[in-house]
Amino acid sequence: MKELKLALLGFGNAGQAFGRLLLDKEEEIKKTYETEIKVTVIATASKGNIYDPEGINLRTAIEDINEDGRFSEKHRLTQLSTMELSKEADYDVLVEMTPLNIFTGQPAADHIKTALGRRKHVITANKGPVAWFFRELSHMAHDADVCFFYETTVMDGTPVFNLAEKTLKMAKVTEVSGILNSTTNYILEELAKGEDYDDIMERGRKMGFIEADPAMDIEGYDAAAKITALLNVLMDAGITPDQVRRKGIEDITAEDIGKAKERGKVIKLLCRGFRNEKGEVEATVEPVEISENDILAGINSTTSIVSITTDLMKKISVIEHEPEIEQTAYGVFSDLLRVLDRVAYNK
Ligand SMILES: NC(=O)c1ccc[n+]([C@@H]2O[C@H](COP(=O)([O-])OP(=O)(O)OC[C@H]3O[C@@H](n4cnc5c(N)ncnc54)[C@H](OP(=O)(O)O)[C@@H]3O)[C@@H](O)[C@H]2O)c1
């Protein structure tokens, strides 16, 4: 039986859900790939780091976090930092699941560069590195002849990047658009029902739809990072989130929504990118009025949509319906299966 060793950077909602999925599929992976997955590193910010080249007991690691909020002495705790572990630990695949830094993509991008520099495969759920450093990271992965996968960064496990790469071969992407932020969806939807702004925010926070500080969503930063990641990968845009023409929904009032409704329209925060006459990719995030009959009008709350226009297949759309954390885990898992295809079958 072969082995594939994983370093998990970040063990929060996504990391633990991915851990549970690995445990669920352990036997199926062994059967399909004749490979045993061993997690050798788990790094966090405040719950301790563990490193065991022989393999961490993933089940007890998850239990520890849920019961005590940190790793116990049952594990080989280490004082090595996340960066030191990325540099020195024994692993084959680095799985980056630390929080997004929307303004720099760091320190996640440096973790990834370190792993690629060591010719390790990389999977990231964190869109920061893809939005800020995609060209550099993909060139590094190419030169090192290793995988660099990031399916989870936009719409969780929904195949967007894989769909384009695997099923739209030789088709040139000319435009990408989407509704990609659930917080703004939720707020606009509730405003349209006549709800009061402060009540919406309070209820949204209680239901987990709205962050304690929702500015990143409301002002369109999160959507800008997502469209940048999409355009960098699908159109080789070579742009960063600060180059997106961005306008959030902060100025949209119930009155604006009411007037739009009188015209048979709804307001949505739309992300869009296309190639201009100079051949450069331009990206926008802005609230737009959409006809009530348009498919986009039905993209509410946590549901999201990406539309990809190509020269050969015109416009196709992928919708993700109300994902939960298991769909995030599946995105990381599906990337791992692609690494396994490569490692076990040279596919
Ligand atoms: N949640 C989703 O549905 C979802 C969907 C798609 C993509 N993503 C992306 O996946 C990533 C993780 O999301 P999440 O929801 O799991 O976040 P989360 O629950 O906040 O967990 C983040 C984890 O990263 C750890 N961490 C922070 N800084 C670190 C560092 N420098 N080194 C090592 N670990 C560090 C945190 O440690 P502590 O536990 O000590 O705080 C925590 O374990 C983010 O980039 C997010 O954008 C998430």
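Analyst: Let's begin with two terms: two strands pair if DSSP finds at least two bridges between them, and helices (H or I, at least four residues) and strands (E, at least two) are DSSP runs, numbered from the N terminus. What you see is a predicted model, in which local features need pLDDT of at least 70 and side-chain atom pairs count only at pLDDT 80 or more, while totals for chains, interfaces and linings use all residues. Residue numbers start from 1 along each chain as its sequence is written.

Now to the sheet itself. Six strands form an open sheet with mixed pairing, in the order β9-β11-β10-β8-β12-β13. The edges are taken by β9 (245-246) and β13 (314-320); each has a single partner strand, so one side of each is left without a neighbour in the sheet. Strands of a sheet pair through backbone hydrogen bonds, either parallel or antiparallel.

Strand β10 (residues 265-275) runs antiparallel to strand β8 (residues 173-179), and four bridges join the two. S177 has R272 of β10 as its bridge partner, and G178 has C271 of β10. Helix α11 (residues 254-262) packs on this sheet and touches both β10 and β11 (281-291); its direction makes about 90° with that of β10. Here a contact means that the C-beta atoms of two residues, placed from the backbone, lie within 7 Å. The axes are lines fitted to C-alpha atoms, for helices over the stretch in contact, and angles run from 0 to 180 degrees between N-to-C directions.

On to the partner β11: β10 and β11 are antiparallel, with eleven bridges between them. R275 stands opposite V281 of β11. The hairpin of β10 and β11 has five residues between the strands, and in it G279 takes a positive phi near 85°.

Where does this sheet sit in the chain as a whole? The domain assignment, which is automatic or from a database, gives domain 1 (2-157 + 326-345) and domain 2 (173-322). Taken over C-alpha atoms, the centres of domain 1 and domain 2 are 29 Å apart. Twelve residues from domain 1 and 17 residues from domain 2 make up the contact. The domain 1 side of that contact has seven nonpolar, two polar and three charged residues. Ala, Val, Leu, Ile, Met, Phe, Trp, Tyr, Cys and Pro count as nonpolar, Asp, Glu, Lys and Arg as charged, and the others, Gly among them, as polar.

Strand β2 (residues 35-43) and strand β3 (residues 49-51) run antiparallel, joined by two bridges, and V41 has Y51 of β3 as its bridge partner.

Most residues other than glycine have a negative phi, and most peptide bonds are trans. E34 has a positive phi near 45° and lies in the loop between α1 and β2. Q106 and P107 are joined by a cis peptide bond, with omega about 0°, and P107 is in the loop between β5 and α4 (108-117).
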